[in-house]
Amino acid sequence: MKNTFFSCFFILFLVGFVTAQDLKSPNGNLTMKFHLDQNGTPVYTLNFKQKAVIQESKMGFVIKSDILLNSGFQVAETKFQSENSTWKPVLGEQKEIQNQYNELKVDLVQEKSKRKMSIYFRLFNDGLGFRYEFPVQDNLRHFIIQEETTEFNLTGDHKLFWIPGDYDTNEYSYSTSKISEMQSLVYDATHVPLAAQTTIKNLAAQTPLMLKTNEGIYINIHEAALKNFPAMCLNVNDKTYSLSSHLVPDAVGNKGYIQTGSFTPWRTIVVSDDARNILSSKMILNLNEPCAFDDVSWIKPVKYIGVWWEYFTGGGSTWAYSDNQDVVIGKTDFSKLKPNNTHGANTKHVKEYIDFASLNGFDAVLVEGWNEGWEDNTAFKKEHIYSFTKAYPDFNVKELSDYATKKNVKIIMHHETTSSVSEYERQLKDALTFMVDNNYNAVKTGYVGPIIPRGEHHDGQQMVNHYTYVAKEAAKHKIMVDSHEAVRPTGLHRTYPNWFAQESARGTEFESMEGIHPDHTTILPFTRLMGGPMDYTPGIFQGDLSVYGEKKNKLSTTLVKQLALYVTMYSPLQMAADLPENYIKFNDAFQFIKDVALDWDETYILEAEPGDYITIARKTKGKQEWFVGAITDENSRTALIDFSFLPAGKNFTATIYEDGKTADYKTNPQSYNIRKVTVNSKTKLKQKLASSGGAAISIK
Ligand code: NOJ
Ligand code: CA
């Protein structure tokens with residue numbers, strides 16, 4: 001009798017009454033409060049140092065066929081858990097990462113339907129991550145998400161660093177504005193030439209979204225571990241300053257096919273009153289699963305040059321071998337076509353690049369335009385565009401593979417798919433085998449243009465699965481992947497470290513097209529790079545493209561800022577993108593690119609303000625050697641570089657690559673000076689940076 005009474009009481013206590021829960025970060029600075037409102041809707045808030053960062057925000061899903069997984073809930077059970085451990089990334093900004101958080105798991109059940117959903121909240125010292133679980137249950141197995149209804153209700157008209165919400169691209173320029181100013185800017189922001197573009201009609205922004213409040217709180221909203229789920233864009237209500245999730249739909253408008261017994265990606269909110277802590281946050285990586293591979297010995301950082309920039313300079317070099325556009329893969333005999341004599345990826349020319357790479361200590365040479373299929377200008381219209389196993393007649397695969405091996409250089413494979421994705425999947429295993437047979441260990445993939453299957457989007461569930469499939473298949477062949485135009489990263493390089501870099505933002509190629517703003521690279525680390533390394537392809541020394549012919553483009557930076565990017569834009573894959581002739585011409589500045597490391601023991605964010613400036617120091621993995629990069633936007637400034645990251649009591653020689661006295665990105669970009677100074681842990685250096693300039697320092 002006593003027992004029955006007790007258990008009844010216990011169940012009542014759990015179901016229905018436990019509706020509010022608090023969670024604190026390990027250092028106590030952040031507080032997350034969870035409760036169910038009067039409709040049984042899950043609601044959370046987030047406070048930083050006693051101040052609201054996220055006001056009451058609803059959570060949940062609307063499921064197709066009128067199922068609501070966002071109201072009518074009761075709390076069945078809550079569980080607390082804590083973690084404090086460290087782990088080592090295969091490649092990274094630091095050799096060891098601390099994973100410390102307090103977790104609250106809330107099991108929810110809908111009273112009438114008995115449908116269940118759980119929410120995991122993890123509160124770290126640097127932010128909040130939460131995700132939904134759809135547990136295996138009797139009344140729900142397969143379902144289609146119509147929309148996720150997670151809100152991020154902000155406390156005011158914050159400053160925002162944003163690109164428009166889009167299902168197919170992240171290659172926009174950033175706008176900096178108040179939330180209330182977005183509407184007046186969105187027309188210009190979206191009316192730009194991009195190869196594939198599906199902008200969200202109502203006001204929306206892409207993640208990672210960087211915000212700053214009037215009180216100087218920095219907030220970054222993104223997601224972690226995006227797998228088998230569409231990417232999340234954010235609807236923006238510019239009257240209430242409310243953001244809400246907007247998942248990328250598929251071709252028929254559905255937003256995710258789910259089987260119960262699964263999790264959503266984590267929704268992430270990184271918070272600090274110091275912008276530097278946003279850049280040093282490892283929360284997104286911590287929310288990803290550990291490395292999925294036992295053997296990672298084949299995963300290495302790569303510094304490369306490429307038969308690449310010459311296609312963008314306007315100098316006449318082409319990806320295509322001939323001018324005959326009526327080619328059909330598998331039918332056309334390319335050896336019978338009349339060559340156009342401008343084909344860049346020919347054996348002789350590639351050998352020159354291999355020689356240059358070998359001479360200057362580069363790991364690899366990217367070769368684009370090596371394979372059949374680049375002729376057809378209307379390529380987006382057809383499915384069978386490229387062969388990934390047949391080279392053009394003037395590209396001798398075997399000869400080049402042997403030559404590269406002899407010179408201790410790898411060739412980086414290129415798979416531009418122009419988004420004919422089903423065809424790429426059909427060829428993938430053959431393509432990977434072809435790579436292994438010919439001694440390739442890395443591939444740059446590309447998804448220019450609209451997706452085939454038609455109607456699918458770059459950032460939808462199907463494509464999210466495609467990118468992960470490619471990374472996993474490549475790993476089976478010990479091949480590293482650098483994807484361009486793929487969905488923006490969410491820290492999956494922790495789990496699949498061979499997927500070691502991505503583009504997924506406006507990169508250097510745009511310096512030859514519509515241009516890049518001087519503040520772009522001071523924003524990217526706070527936005528796109530929050531999810532993972534970027535193949536930004538810096539290193540352009542000759543920024544005046546009129547020297548090559550038709551184009552009039554001028555680089556948006558000084559030459560020295562190009563050097564600093566190797567430190568400020570983290571990636572274990574770094575390109576020296578310019579033509580070898582320009583590196584020969586500026587040989588002393590080129591030395592920095594040759595020296596700079598790609599993999600690090602430690603990273604020190606010395607100065608940072610999104611949109612304005614970034615100064616970062618890093619210690620080379622396994623070496624007593626450091627590199628510093630400082631960059632600024634269009635405003636010249638004096639960086640204050642504090643060398644206290646150096647071991648105490650020892651002097652070191654620092655080689656400083658600095659903007660010349662009259663350097664200016666518009667009028668005098670190539671002016672630079674190189675000097676050597678002695679530094680130690682007490683040195684504080686005032687370093688002048690030109691307008692859109694920088695400083696790059698190597699310390700031994
Ligand atoms: C776009 C990529 O970003 C660029 O690097 C590449 O050269 C072209 N596509 C062609 O594949
Ligand atoms: Ca691109």
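The lining of the largest pocket comprises 18 nonpolar, 15 polar and 13 charged residues. Here Ala, Val, Leu, Ile, Met, Phe, Trp, Tyr, Cys and Pro count as nonpolar, Asp, Glu, Lys and Arg as charged, and the others, Gly among them, as polar. The model is predicted, so that local features need pLDDT of at least 70 and side-chain atom pairs count only at pLDDT 80 or more, while totals for chains, interfaces and linings use all residues. Residues are numbered from 1 along each chain as its sequence is written, chains are lettered from A and ligands numbered from 1 in the order in which they are written, and side-chain values use heavy atoms, with hydrogens and water left out.

The largest pocket holds about 890 Å³ of space. A pocket is an open set of points on a 1 Å grid over the protein atoms alone, with protein on both sides within 12 Å along at least five of seven lines; a cavity is a set of points where a 1.4 Å probe fits but cannot get out, and lining residues have an atom within 4 Å of a point. Grid points are joined across faces, edges and corners, and a volume is the space filled by probe spheres set on the points. The largest pocket is lined by 46 residues, and Ala-195, Trp-319, Phe-380, Glu-416 and Val-448 are the closest to its centre. Strands E25 (410-416) and E26 (442-446) are the elements that give two or more residues to this lining. E26 gives the most, three residues. Helices (H or I, at least four residues) and strands (E, at least two) are DSSP runs, numbered from the N terminus. Domain 1 (22-287) and domain 2 (302-596) each contribute at least three residues to the lining of the largest pocket. Domain bounds come from an automatic or database domain assignment.

Five cavities of 30 Å³ or more were found. The largest cavity has a volume of about 110 Å³. Its lining has 16 residues, with Pro-489, Thr-490, Leu-492, Trp-499 and Gln-502 nearest the centre. Helix H8 (461-476) and E28 supply at least two residues each. By class, this lining has ten nonpolar, five polar and one charged residues. The second largest cavity has a volume of about 50 Å³. Residues lining it include Ile-163, Tyr-174, Arg-488 and Arg-528. Four nonpolar, four polar and two charged residues make up its lining.

Glu-485, in the loop between strand E27 (480-484) and strand E28 (501-502), and Glu-509, in the loop between E28 and helix H9 (520-523), link distant parts of the chain, 24 residues apart. Glu-485 is buried (under 20% relative accessible area; exposed is over 50%, partly exposed in between; 1.4 Å probe, protein chains only), at 13%. Glu-509 is also buried, at 12%.

Asn-235 lies in strand E18 (residues 232-237). It is partly exposed, with a relative accessible area of 23%. Its C-alpha atom is separated by 6.1 Å from that of Leu-203, 32 residues apart along the chain.
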